[in-house]
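Keep the viewer open as you read.

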Amino acid sequence: MNSRLLSCLILLLAPAAANESQSTPPAAGTPASGQVRASLTWSPSHPRIEAAVGDKEVEGGFELKNMGDTPLLLTGVHASCGCAFVEIGTLPRSPQTLAPGETIKARVRIDLTHKYGPFAKSVYLTTDRGAFEIRVDVIQSGERKHAHDDIRMANMAAAKADRQAVFRADCARCHSPEPTLLDGQTLYLKTCAICHESPNRAEAVPALVLGQVPGRLENYWETWTREGRDGTMMPAFEKTKGGPLSEEQIAALLRFLKKGR
């Protein structure tokens with residue numbers, strides 16, 4: 001091969017090599033080159049539990065699988081409401097490792113007191129690769145008087161009279177996160193999404209989908225989180241104002257809110 005032809009080939013191949021070396025860097029949280037991000041899936045994709053009217057408790061579940069080629073560490077699990085309990089292997093007592101290709105069963109137990117179907121609960125799972133929300137639908141067969149409507153209306157009236165009431169008595173089971181919980185996304189799911197993204201959201205509670213409200217500054221979220229708003233059902237989450245969140249929890253939640261997911 002003569003020197004002129006060799007030079008032409010080098011010039012033709014150089015841009016391609018340069019483009020490869022200047023490729024877009026991996027997004028935050030993506031493993032380094034050569035590693036494959038562990039992927040968590042669950043089956044069925046929309047878990048459903050059936051119960052009959054009059055049942056005091058119902059149990060069901062789903063199966064998790066690590067589809068990646070690296071181990072996945074399950075660090076915590078809890079439900080969106082205190083009336084639901086979730087077990088996945090050693091969770092919630094201690095972390096559970098899921099090897100590549102391994103499956104594990106998640107068991108969900110729900111107290112049906114004052115509930116009628118259909119309704120939904122969320123399972124919040126935290127891992128070393130991020131947090132996941134799995135919605136579980138509960139379907140009840142048969143008919144009965146919807147006494148739960150009266151209870152719900154009474155709770156809403158109490159919240160309108162005193163917006164901090166949601167953090168006291170039986171309501172605290174659903175609306176007060178554990179003091180040790182410091183993951184921003186999990187705090188959002190536990191304290192914000194439980195009302196603002198609920199499929200049973202009351203009309204007086206505005207929808208809150210972070211991706212649809214870009215450009216909000218941290219002081220916007222901080223005011224709402226710390227102080228809530230008088231004249232509404234929005235409570236103050238700051239502990240010194242009667243809320244359940246510590247300074248560390250508020251800081252973690254604000255970091256997540258500011259990112260807008």
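Start at His78, which sits in strand β4, residues 72–79. Strands here are DSSP runs of E with at least two residues, helices are runs of H or I with at least four, and both are numbered from the N terminus. Before going on, bear in mind that this is a predicted model, where local features need pLDDT of at least 70, side-chain atom pairs count only at pLDDT 80 or more, and totals for chains, interfaces and linings use all residues. Residues are numbered from 1 along each chain as its sequence is written, and side-chain values use heavy atoms, with hydrogens and water left out.

Is His78 buried or exposed? It counts as buried because its relative accessibility is 13%; the cut-offs are under 20% for buried, over 50% for exposed and partly exposed in between, with a 1.4 Å probe and protein chains only. Leaving aside residues up to four places away in sequence, His78 touches Ser122, Val123, Tyr124, Glu178, Thr186 and Lys190, where contact means heavy atoms within 4.5 Å.

His78 also turns up at the second largest pocket: 22 residues line this pocket, and Gly76, Val77, His78, Pro92 and Glu178 lie nearest its centre. A pocket, on a 1 Å grid over the protein atoms alone, is an open set of points where a 1.4 Å probe fits, with protein on both sides within 12 Å along at least five of seven lines, and lining residues have an atom within 4 Å of a point. The elements giving two or more residues to the lining are β4, β5 (84–88) and α4 (184–196), and β4 has the largest share with five residues.

Now zoom out to the sheet that holds β4. Five strands form an open sheet with mixed pairing, in the order β2-β9-β8-β4-β6; two strands pair if DSSP finds at least two bridges between them. β2 (48–52) and β6 (96–98) are at the edges with a single partner strand each, so one side of each has no neighbour in the sheet. Between β4 and β6 the pairing is antiparallel, over three bridges, and Leu72 stands opposite Leu98 in β6.

There is also an open sheet of four strands, ordered β1-β3-β7-β5 with antiparallel pairing. Here β1 (40–43) and β5 take the edges, each with a single partner strand, so one side of each is left without a neighbour in the sheet. Within this sheet, β3 (residues 57–66) and β7 (residues 103–111) run antiparallel and are joined by nine bridges. Look for Gly60, whose bridge partner in β7 is Val108.
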